[in-house]
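Me: I've got a protein model open and I'd like to learn how to read it. Can we go through it step by step?

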Amino acid sequence: HGEWKHPERYKLMLRYTDLYFFTYLKNSGSNVVLDRAWTTEWVYSQVFNRGNDFEFLSKLDELMTQIPQSVLIITTRDNPPSKGDELEGLDEKWLQIRDKYEELSKWTQNKVIYINTENLTPEQTYMTCLQRLKELGIL
């Protein structure tokens, strides 16, 4: 965390770690839940104007389609962040973040599931994700 404050180092880290991780997933057949990856970087680097290698992110998105079980789960909300929320203090940015995730769902070549988690506990969010993955035949 905090690597994004060093743009060139961050781009290199993203390029090599995400590409390595893709290779691992493709070759091992492992099942993994990623909390934030190339898709989140696609959103946040635009909202916070921190720049990125969007050509690489696009290529990585294309590569991830080679993993049949690859699904993007985008959690969303209807109201601004509340006290204690991870987005607290970003009131002016949360709508941009939400809108960029909507744009991401049109940009990505991967399957997308939207889940409104505003009124869900973490356990309910987990169970909802599992149910949606079962509906898609992933699980």
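Me: How many helices and strands does the chain have?

Reply: You'll find five helices and two strands. Walk along the sequence and they come in the order α-α-α-β-α-β-α.

Me: Where is the prediction's confidence lowest, and where is it highest?

Reply: Strand S1, residues 71–76, has the lowest confidence, with a mean of 77. Helix H3, residues 54–64, has the highest, at 90. Over the whole chain the pLDDT averages 81, and 87% of the residues score at least 70.

Me: How do I describe two helices that pack together?

Reply: You give the angle between their axes and the distance between the axes. The crossing of H2 past H3 is left-handed.

Me: Which residues of H2 and H3 meet?

Reply: From H2 you have Trp38, Glu41, Trp42, Ser45 and Gln46. They meet Phe54, Leu57, Leu60, Asp61 and Met64 of H3. To make sense of lists like these, remember that an α-helix has 3.6 residues a turn, so residues three or four places apart point the same way.

Me: Is Ser45 buried or exposed?

Reply: The cut-off you need is that buried means under 20% relative accessible area. Ser45 has 1% relative accessibility, so it counts as buried. Leaving out residues up to four places away in sequence, Ser45 touches Arg50, Gly51, Asn52 and Phe54.

Me: What about H2 as a whole: how many of its residues are buried?

Reply: Nine of its 10 residues are buried, so H2 is largely enclosed by the rest of the structure. The buried ones are Trp38, Thr39, Thr40, Glu41, Trp42, Val43, Tyr44, Ser45 and Val47. For the chain, buried residues make up 32% of the 139 residues.

Me: What should I look for in a backbone angle such as phi?

Reply: Now look just after H2, where Asn49 takes a positive phi of about 50°. Asn49 sits in the loop between H2 and H3. With a relative accessible area of 67%, Asn49 is exposed.

Me: Which residues fall in between buried and exposed?

Me: How can I see that the chain folds back on itself?

Reply: Look for residues that are separated in sequence, then check the distance between their C-alpha atoms. Glu103 and Val43 are 60 residues apart along the chain, and their C-alpha atoms are separated by 8.7 Å. For Thr17 and Ala37, 20 residues apart along the chain, the separation is 10.0 Å. Then there are the contacts: among those with a separation of 6 or more, residues 24 or more positions apart account for 65%.

Conventions. Residues numbered from 1 in each chain as written. Predicted model: local features only at pLDDT ≥ 70, side-chain atom pairs only at ≥ 80, totals over all residues. Heavy atoms only, no water. Helix = DSSP H or I, 4+ residues; strand = E, 2+ residues; numbered from the N terminus. Buried < 20%, exposed > 50% of the residue type's maximum accessible area, 1.4 Å probe, protein only. Contact = heavy atoms within 4.5 Å. pLDDT = per-residue confidence, 0-100. Left-handed = near helix turned anticlockwise from the far one by under 90°.
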